[in-house]
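User: I'd like to learn how to read the surroundings of a single residue in a model. Could you walk me through a case?

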Amino acid sequence: MQETELHDLSDDADYAASIQQGSASVMMRSNSSKRSSSSEPEGAEVVYLKDNVAIHPTQFASERISGRLKLIKQGSSLFMTWIPYKGQTSNARLSEKDRNLYTIRAVPFTDVRSIRRHTPTLGWQYIIVVLSSGLAFPPLYFYNGGVKEFLATIKQHVFIVRSLEDANVFLVNDFQNPLQRTLSSLELPRAIPMASGASAFASVGGSPPYENQESADWDANNESSSISQNVRRQRQKSNDPARDLSIQVLEKFSLVTRFARETTSQLFRENQNNGFGAVERKNYSHSSLDIPQRVPKDPEEVPNQSPVPSDPLEFDKLTLVWGKPRQPPLGSKEWASFLDSEGRVMDSKALRKRIFYGGVEHALRREVWALLLGYHTYDSTYAERECLRYNKKLEYETIKRQWQSISPEQAKRFTKFRERKGLIDKDVVRTDRSLSFYDGDDNPNVNVLGDILLTYSFYNFDLGYCQGMSDLLSPIFFVMEDESESFWCFVALMERLGPNFNRDQSGMHSQLFALSKLVELLDSPLHNYFKQNDCLNYFFCFRWILIQFKREFEYEKTMRLWEVLWTHYLSEHLHLYACVAILKRYRNKIMGEQMDFDTLLKFINELSGHIDLDAILRDAEALCICAGENGAASIPPGTPPSLPLGNENGLLYPQQDEVL
């Protein structure tokens with residue numbers, strides 16, 4: 001392979017422009033150094049400082065946290081910090097705890113893989129810093145400019161080059177071979193946002209709240225300790241290029257993207273199905289499942305285990321105390337007892353509790369799912385629900401005609417339509433084809449599935465269609481057996497899960513981040529193990545969260561799990577506690593076999609079809625009760641499937657690159 005020449009930043013227009021503004025930059029750095037000299041640890045120098053750099057914990061521009069960004073030089077090491085201002089959040093619902101979650105302390109650039117710059121036509125520039133571990137900080141928005149000087153300052157102290165594959169990606173300390181350099185430059189900033197908890201890479205312990213903007217300056221005691229710790233760790237750290245390369249590939253495999261499908265499908269071809277790496281699904285008639293031989297029947301029986309730290313919650317006892325036994329599904333007679341003579345649900349909480357503990361008989365799902373998803377309200381009557389069906393069917397047909405009326409000549413000039421339709425056509429023919437409902441050539445149900453998804457892409461044009469949506473729609477259409485009702489139930493579901501498919505994957509970021517905090521709260525030894533083995537990004541849970549365990553259980557069990565999750569009885573985020581429950585069930589195997597990221601991701605994918613749903617639901621319930629308010633506080637506001645927080649612009653899915 002011929003090695004391509006690296007681009008030096010000195011040839012960049014950005015760098016040249018920053019040099020032209022050098023006097024202003026030097027003055028800023030000089031002033032900042034004078035201003036904070038009294039509080040700097042000995043030998044540390046602020047070489048870059050920028051105020052009013054903000055992050056957005058949610059997808060809305062109105063909810064931001066502003067702070068101060070610094071580059072600090074100590075010896076030969078360069079560090080980055082971002083400290084939020086005290087009481088400067090733009091929305092009252094974002095608490096001080098939320099603000100502190102995102103503090104970035106003393107991150108050494110030896111731990112940085114790349115910096116991705118976004119320069120929208122309209123709006124503000126922002127950057128995403130991606131670490132070598134695969135983690136990424138939340139986007140940092142420069143409301144008063146300063147990205148050029150930020151990159152130019154880094155270049156003065158750290159080796160940084162522009163990626164050949166993407167002009168907006170800048171590779172840091174890129175001394176790798178050409179193959180690794182190519183993969184690194186393709187790194188997508190789709191990792192969990194790191195906050196103060198995740199920033200434990202760089203800092204130990206918290207710091208007091210900051211009283212005002214000036215108090216966001218360097219905290220000499222905490223930060224100097226953080227820097228010295230990082231300098232020592234950098235001397236001890238050894239890099240394994242082969243392992244770094246495999247981590248990059250496997251992280252992309254975990255992400256359900258076109259790159260993951262095309263680049264890594266060969267890695268796990270024996271287990272791959274529809275690009276998600278799952279084993280073949282059982283169909284609704286309970287056909288046999290081919291169980292991979294690599295997964296032991298008893299995961300606890302592991303040869304040559306390393307010593308495993310004990311579970312701090314004594315998990316089995318906890319389940320016995322709080323995890324209530326599962327009940328039979330809700331039947332017709334019992335369902336009728338929840339309704340008055342006109343069809344209203346008299347006690348919605350009691351109904352949701354009953355479904356939470358037992359699910360619903362399949363014959364009732366069409367009626368009950370419409371209520372759980374919010375398509376019908378609990379206080380609606382039979383007549384009102386029938387009237388809504390009629391009106392919504394007319395509305396659906398109107399939306400559907402929008403794309404049906406596009407002529408071939410129009411389609412030639414409508415790139416977005418062609419792309420979305422092509423992607424949908426490819427996905428629906430690979431969705432649940434082992435199920436008799438979708439089996440066979442020219443199956444009309446497969447065609448309807450595609451029609452619903454294409455219509456949804458016109459209904460929600462900002463979000464459009466993304467891979468994975470067909471997995472969420474398939475059980476709904478299987479249950480509703482009506483095109484219009486399936487569409488509107490899917491719309492209701494996507495109101496909550498739509499952020500999972502945002503282009504910047506903000507919805508997935510917030511859920512993976514919340515999951516990391518819950519594991520830290522409920523099983524700190526396991527969390528520390530993930531941290532020590534570069535698994536703290538929790539990418540191995542990506543598929544679980546993205547499509548709500550769709551590929552981990554048989555079809556019938558998936559539907560039962562979903563209706564339990566949709567009750568929101570104990571928590572809107574029970575699926576995250578279910579993730580914790582599964583990880584805790586296999587903690588002894590994971591830690592005993594000293595699984596690294598590669599092995600862990602492969603093991604998690606091979607769990608498909610082997611997870612005991614009833615046991616996991618009981619465990620998730622027990623964990624949710626045990627975590628209590630601390631668990632709820634670990635989940636940022638607006639984290640899916642919570643409904644998005646209010647936005648004065650009414651924009652739910654800003655998908656353009658110039659988001660915000």
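User: Which residues does Thr 567 touch, not counting residues up to four places away in sequence?

Analyst: Contact means heavy atoms within 4.5 Å. By that rule, Thr 567 touches Arg 352, Ile 355, Phe 356 and Leu 372. Bear in mind that this is a predicted model, where local features need pLDDT of at least 70, side-chain atom pairs count only at pLDDT 80 or more, and totals for chains, interfaces and linings use all residues. Residues are numbered from 1 along each chain as its sequence is written, and side-chain values use heavy atoms, with hydrogens and water left out.

User: Is Thr 567 buried or exposed?

Analyst: Buried means under 20% relative accessible area, exposed over 50%, and partly exposed in between (1.4 Å probe, protein chains only). Thr 567 has 1% relative accessibility, so it counts as buried.

User: Where is the place of Thr 567?

Analyst: Helices are DSSP runs (H or I, at least four residues), numbered from the N terminus. Thr 567 sits in the loop between helix H22 (555-566) and helix H23 (574-585).

User: And how much of H23 is covered?

Analyst: H23 is mostly covered, with eleven of its twelve residues buried; among them are Leu 574, Tyr 577 and Lys 584.

User: How do I check the length of H23?

Analyst: The expected span of a helix is 1.5 Å times one less than its number of residues. For the twelve residues of H23 that gives 16 Å, and its end C-alpha atoms are 16 Å apart, which agrees.

Methods:
Helices (H or I, at least four residues) and strands (E, at least two) are DSSP runs, numbered from the N terminus.
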